[in-house]
Amino acid sequence: MVYSQVNQNLLDLQDFEKYKKMTVKTAKLLKKDYFMLERGEIIEHCGDLLQFDSEANLCSANFCRQRLCPNCQRRKSLKTYSDFKRISEELQKQGFAFLHVVLTVRNVEDIELVETITTLFNASSRLFKKQDCKRVFKGVLRCLEVSYSKSNCNFHPHLHCLIAVKKSYFTSRYYLKVEKLRELWQEVLRVDYLPQVWASRCDDNAIAEVAKYAVKPLELDLTDEIKLNVLKHLFCALHGRRLLQTYGVIRTTASALKIDLDNFEESEAERTDDASIFSFGYNFNLEKYEPLNF
């Protein structure tokens, strides 16, 4: 086999190399901490081997599927985008439109993060059961995002919710203004301040984008010491949690299409019937992928 047999117009390793470099950097940082050492060792070798068929389709790779891995988060992000695009297109055919609603709380310190995420999940479940919401929100995709404030040195957990409504909702007497949503959110959140809520109608380009928030690769412009501390607290806060949750017509449509949005794992389809498999291995010294069988 020779390199020219691969469809070079389609095969582009630069994107793979970009995220592999981020992955190695993250792994080296995690390995400095005893508690995160094992995770770092697993993440470091994520994507060492990539295999493509003659049409430059990725058919096999040794992805680690760790939640803090930039490489795997990027892969999961692409899969989630693709999956939800299919779901949203099917629901639009059935007469649904979509809202993008962001539910927030005040920023919290690292020791409060675990409890606050639990509070967010429980409060959002109560919100969707409120009569004002239940009669118009026909389906929900709830995504957790946790960002870090460099200036305040604290965390900002919040929920991105993609909500399926009937197209008539926007002219209905049951239309919920942002002010009303804020009041309802304060009530179910059980806080003594009026939290921020954003709500907007999704156009065709925005619908699938919403699903990517929870799984986008983590990029932080911080010192190594602070970044390691952030990663450790994120790991503890997110471990074992489902960052994506579906309800109503979004859940039933995903099931009908045999799509599992809640599943963190993402794997490539094996193409063992293709005699031309082209393998690339990552060279840690050169920070690039090199062909193994050409």
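These questions and answers walk through the sheet, a helix pair and some salt bridges of a predicted model. Local features here need pLDDT of at least 70, side-chain atom pairs count only at pLDDT 80 or more, and totals for chains, interfaces and linings use all residues. Residues are numbered from 1 along each chain, and side-chain values use heavy atoms, without hydrogens and water.

Q: Which strands stand at the edges of the open five-stranded sheet?
A: Helices (H or I, at least four residues) and strands (E, at least two) are DSSP runs numbered from the N terminus. Two strands pair if DSSP finds at least two bridges between them. The order is 6-3-5-4-7, with antiparallel pairing.

Q: What is the bridge partner of leucine 103 in strand 5?
A: Strand 3 (residues 96-104) and strand 5 (residues 154-166) pair in the antiparallel sense over nine bridges. In strand 5, the partner of leucine 103 is leucine 159.

Q: Is helix 1 roughly parallel or oblique to helix 3?
A: Axes are lines fitted to C-alpha atoms, for helices over the stretch in contact (heavy atoms within 4.5 Å). Angles run from 0 to 180 degrees between N-to-C directions. Helix 1 (residues 14-30) and helix 3 (residues 70-93) pack at about 135°, with axes 7 Å apart. Under 35 degrees is roughly parallel, over 145 roughly antiparallel, 65 to 115 roughly perpendicular and the rest oblique, so helix 1 is oblique to helix 3.

Q: Which residue meets aspartate 15 in a salt bridge?
A: A salt bridge is a side-chain nitrogen of Lys or Arg within 4 Å of a carboxyl oxygen of Asp or Glu. Here N and O are 2.1 Å apart. The pair links helix 1 to helix 3, 59 residues apart. The partner of aspartate 15 is arginine 74.

Q: Is arginine 74 buried or exposed?
A: Buried means under 20% relative accessible area, exposed over 50%, partly exposed in between (1.4 Å probe, protein chains only). Aspartate 15, at 30%, counts as partly exposed. Arginine 74 has 10%, so this residue is buried.

Q: How many residues apart in sequence are lysine 232 and aspartate 33?
A: These two form a salt bridge, with the closest N and O atoms 3.0 Å apart. Lysine 232 lies in helix 8, and aspartate 33 in the loop between helix 1 and helix 2 (37-44), so the pair ties together parts whose separation in sequence is 199 residues.
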